[in-house]
Amino acid sequence: MGIRRWLMNVATVFVFLQGLLAHLAAAQSFIGVNYGTIADNLPPPASTANLLKSTSFGKLRLYEPQPDLVAALAGSNISILLGVPNGDVPNLASSPAAAASWAAANIPTTVPVSAISVGNELLNSGDPTLAPQLLPAMQNLLAALPAGSTTKISTVHSMAVLSSSDPPSSGAFHPDLAGSLDPVLDFLHQNGAPFMINPYPYFAYASDTRPETLAFCLFQPNPGRVDAVSGLTYTNMFDAQLDAVRAALDAKGYSDVDIVIAETGWPYKGDADEAGATVDNAKAYNGNLVAHLKSQVGTPRTPGKSVDTYLFALYDEDLKPGPASERSFGLYQTDLTANYDIGVSKAGSTAAPAIITPAPAQVRNAAAEQGGDANRVLRDDGRRAEQHARSAGAAEQLVLHPGRSSAAAS
């Protein structure tokens with residue numbers, strides 16, 4: 001009897017450990033990172049692949065096809081969110097054959113592709129000719145996928161698609177985008193694809209630099225802020241932004257459409273007038289966000305539901321225009337050393353420092369793919385200064401200011 005009881009206890013512990021490991025694996029699998037290429041000093045693809053393999057990142061977002069990096073990731077179990085540059089959208093929309101040609105040339109077969117984003121913040125890009133071409137491009141690309149493919153077709157939005165977000169329960173999309181956005185939402189619903197968006201709590205703080213707002217944005221202790229309509233209490237800006245998007249989707253009747261956070265991050269340095277852009281704050285935001293996601297606690301509106309989230313970004317991009325913060329979102333330096341620790345290194349694993357050969361061809365190749373128009377590449381692959389300005393305007397509505405009724409804010 002003693003041996004049998006001992007064996008049963010061992011089996012119970014084994015099952016518990018299996019469940020724990022499965023839980024931890026799931027907690028890691030939905031945390032990803034963005035890889036931007038507006039730079040002339042990026043490490044070789046093989047070095048970047050080795051760095052990614054040394055972390056717990058399970059997903060990688062590419063703004064455009066990167067065949068060399070994808071090849072180096074083969075066998076890593078890191079999935080790809082592949083981007084279609086805005087400049088390629090008209091071609092994909094022009095005909096099913098054009099989309100099929102793009103798919104054949106650019107969709108990897110050696111790594112899993114979880115989704116393809118047709119354009120980045122296209123509906124707020126400032127180019128009105130692109131919006132009517134978005135849905136046809138998505139439809140054509142979906143038709144071009146191989147039979148049985150599990151890859152989802154979507155597009156990434158900025159927070160500027162929201163007309164209301166404070167309180168989060170009042171979240172709503174801009175009515176003037178309905179003509180373009182509503183058909184896209186129905187496409188996502190019909191095809192089981194996620195709604196992708198880029199929230200940045202950093203810009204909420206930049207527009208309201210009180211200490212209590214900083215704590216709210218950094219997941220640090222704070223008294224919380226109440227949504228007077230729903231009665232829910234929010235203790236961080238990320239959840240408030242996410243739930244505003246959830247409310248907007250629910251109001252349109254798309255409660256079944258999941259949300260993916262395609263970008264979020266915090267700069268570790270900035271110009272003298274850029275409040276909050278420090279190493280300590282960047283470490284606090286990204287590190288606490290990773291811990292929040294790993295906990296799988298969810299948000300006040302959707303407790304216990306984790307969301308795929310891609311941190312911005314793997315490296316700094318030294319050729320980006322705008323303030324210093326635009327070039328200071330990188331989690332790692334291009335010599336593969338971390339700018340700060342956010343708890344994503346695998347146990348006992350570090351990226352071995354190496355002599356890195358700069359790869360300026362990254363930018364030149366991207367320009368060549370866009371017809372040699374380098375300025376267009378800057379707009380398509382990031383457009384960070386414009387995007388962040390839009391994010392700031394939308395995120396500011398989500399501060400849930402203490403001392404005033406959030407129900408009255410809009």
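Okay, Gln296: just after helix H11, this residue takes a positive phi of about 55°. Helices here are DSSP runs of H or I with at least four residues, strands are E runs of at least two, and both are numbered from the N terminus. Before I go on, this is a predicted model, where local features need pLDDT of at least 70, side-chain atom pairs count only at pLDDT 80 or more, and totals for chains, interfaces and linings use all residues. Residues are numbered from 1 along each chain as its sequence is written, and side-chain values use heavy atoms, with hydrogens and water left out.

So, back to H11 itself. The helix covers residues 279-295, 17 residues in total, and spans 24 Å from its first C-alpha to its last. That is close to the expected 24 Å at 1.5 Å a residue, the expected span being 1.5 Å times one less than the number of residues. Which residues of H11 are buried? Asn281, Ala282, Ala284, Tyr285, Asn286, Gly287, Leu289, Val290, His292 and Leu293. Buried means under 20% relative accessible area, exposed means over 50%, and partly exposed is in between, with a 1.4 Å probe and protein chains only. Those buried residues pack against several elements, including strand S1 (31-35), helix H10 (237-251) and strand S12 (309-311). Contact, by the way, is heavy atoms within 4.5 Å.

Now the barrel. Eight strands close up in the order S1-S2-S3-S4-S5-S8-S11-S12, with parallel pairing; two strands pair if DSSP finds at least two bridges between them. Neighbouring strands of this sheet are turned by 25° against each other on average, direction ignored.

Let me zoom in on S8, residues 195-198. On one side, S8 runs parallel to S5 (residues 152-158), and 3 bridges join the two. Val156 has Met196 as its bridge partner, and His157 has Ile197. Where do the S8 side chains go? Phe195 and Ile197 point one way, Met196 and Asn198 the other, and all are buried. In a regular strand, side chains alternate between the two faces of the sheet. Lying across S5 and S8 is helix H7, residues 178-191, at about 140° to S5. Axes are lines fitted to C-alpha atoms, for helices over the stretch in contact, and angles run from 0 to 180 degrees between N-to-C directions.

Next, a helix pair. H5 (residues 96-106) packs on H6 (residues 131-144) at about 60°, with the axes 8 Å apart. That makes H5 oblique to H6: under 35 degrees counts as roughly parallel, over 145 as roughly antiparallel, 65 to 115 as roughly perpendicular, and the rest as oblique. The contact involves Pro96, Ala99, Ala100, Trp102 and Ala103 from H5, and Asn140, Leu141 and Ala144 from H6.

One loop residue, too. Ser255 sits between H10 and S11. Is Ser255 buried or exposed? Exposed, with a relative accessible area of 56%. Leaving out residues up to four places away in sequence, Ser255 touches Arg246, Leu249 and Asp250. Ser255 and His189 are 66 residues apart in sequence, and their C-alpha atoms are 9.1 Å apart.

Last, the whole protein: 14 helices and 12 strands, and 53% of the 410 residues count as buried.
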